[in-house]
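Have a look at the chain below before reading on. Keep the view open as you work through the points.

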Amino acid sequence: MCIRCERSSSSGTLAVPSAASPWNPRRAFLLAAAGAALGASTSALAQVNVGNASVARNLVPADKIEAAGVQQYGQLLEQARAKGALAGDNNPQLQRLRAIAGRLIPFATPWNSRARNWKWEVNLIGSKQINAFCMPGGKIAFFTGILDQLKLTDDEVAMVMGHEMAHALREHARARMAKSAGTGAALSFGAQLLGLGQVGDLAARAGTQLITLKFSRGDETEADLVGLELAARAGYDPKASVSLWQKMAAASKNQGSLNFLSTHPSGPDRIAKLEANLPKVEKLYRDAKKS
């Protein structure tokens, strides 16, 4: 059963359903975490193999880049609101997105313990852009173009959302900033973004990078596989990962360069890797559907 994903009128954060809810996120997380702790006798935490997260990310303080993500996300929402492009709480598409997020989020913490304290948000911006992202700190945004033009099913939306959540959970932006900035600059990156040092337009440019950052091919593969598992655990059909990228490839041919594909290139290798990992998460999906 899908939970109802709500948002407070002021903050936009996702509210946790009451303990009486038949499908409670906290209960689901505790069950998942407990199952992982029991060892070989139960299902392992990760069915997909993505290795350890990059150690380079440690050069950039996590709390700083998460705070920068929150700041940039807020600025983006204000810009959308000023243009009348920010969906209201009663928007059916937004409610759909929040319901899907409500099923995915309980399975996030085992991938990153910091996610336990993130104030997750999901918002919808009216735009023809085919795009979606999740900022550090759990700030998710979809553009109406990706829903309308690709005519995504709930399963395919879950694959997009899981992929973007995985980027945040695996701290790919943090690692990329550290690698590109160099040790000294990376250590001061968070302070610059938050106005604690010399900022000016540097902070604005760096903040924008959190949305438009191009991840490596390895990061993209990690996000695909972690997102695949998140969605499967939440009861979304893993095969939708393949149909999603087939739609992306078709849209790219028909419309040329797309914003989403500029940072998430499609191709046969991507689909092949997803197909190879479907058997690893199929049981998670079947178990989730039963429950």
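This briefing goes from the whole chain to one hairpin, one histidine and several salt bridges.

The model is predicted. The protein chain has 12 helices and 5 strands. Of its 291 residues, 52% are buried.

**The whole chain**

- The protein chain exposes about 13,500 Å². Carbon and sulfur atoms supply 53% of that area.

- Strand S4 covers residues 132-135. Are its faces covered or open? Both are covered.
- On one side of S4, Ala132 and Cys134 are buried.
- Strand S5 covers residues 139-143. S4 and S5 pair in the antiparallel sense, over 4 bridges.
- Which residue in S5 stands opposite Cys134? Ile140 does.
- The hairpin has 3 residues between the strands. Gly137 takes a positive phi there, near 95 degrees.

**A buried histidine**

- Helix H5 spans residues 154-169 and contains His163.
- Why does His163 count as buried? Its relative accessibility is 3%, and buried means under 20%.
- The side chain of His163 makes a polar contact with the side chain of Asp224. The distance is 2.8 Å.

**Salt bridges: the idea and the count**

- Side chains of opposite charge can pair when their charged atoms come close.
- How many salt bridges does a search of the whole structure find? It finds 12.

**Arg96 and Asp154**

- Arg96 forms a salt bridge with Asp154. Their closest N and O atoms are 2.6 Å apart.
- Arg96 lies in helix H3 (residues 92-104) and Asp154 lies in H5, so the pair ties together parts that are 58 residues apart in sequence.
- Arg96 has 24% relative accessibility, so Arg96 counts as partly exposed.
- Asp154 has 39% relative accessibility and also counts as partly exposed.

**Glu222 and Arg170**

- Glu222 and Arg170 meet through their side chains in a salt bridge, at 3.0 Å from N to O.
- This pair links distant parts of the chain, 52 residues apart. Glu222 sits in helix H9 (residues 217-233). Arg170 sits in the loop between H5 and helix H6 (172-181).
- Are these two partners buried or exposed? Glu222 is buried, with a relative accessible area of 15%. Arg170 counts as buried as well, at 7% relative accessibility.

**Glu282 and Lys239**

- Glu282 forms a salt bridge with Lys239. The closest N and O atoms are 3.8 Å apart.
- Where do the partners lie? Glu282 is in helix H12 (residues 268-290). Lys239 is in the loop between H9 and helix H10 (240-255).
- The pair links distant parts of the chain, 43 residues apart.
- Glu282 counts as buried because its relative accessibility is 18%, and the cut-off for buried is under 20%.

- Some salt bridges share partners. They join Glu220, Asp224 and Arg270 into one network.
- Asp224 is also the residue whose side chain is in polar contact with that of His163.

Key: Residues are numbered from 1 along each chain as its sequence is written. This is a predicted model: local features need pLDDT of at least 70, side-chain atom pairs count only at pLDDT 80 or more; totals for chains, interfaces and linings use all residues. Side-chain values use heavy atoms; hydrogens and water are left out. Buried means under 20% relative accessible area, exposed over 50%, partly exposed in between (1.4 Å probe, protein chains only). Helices (H or I, at least four residues) and strands (E, at least two) are DSSP runs, numbered from the N terminus. Two strands pair if DSSP finds at least two bridges between them. A polar contact is a pair of N or O atoms within 3.5 Å; within protein, one must be able to donate a hydrogen and the other to accept it, and residues adjacent in sequence count only if both atoms are side-chain atoms. A salt bridge is a side-chain nitrogen of Lys or Arg within 4 Å of a carboxyl oxygen of Asp or Glu. Accessible areas come from the Shrake-Rupley method with a 1.4 Å probe; for residues, only the protein chains shown count as cover.
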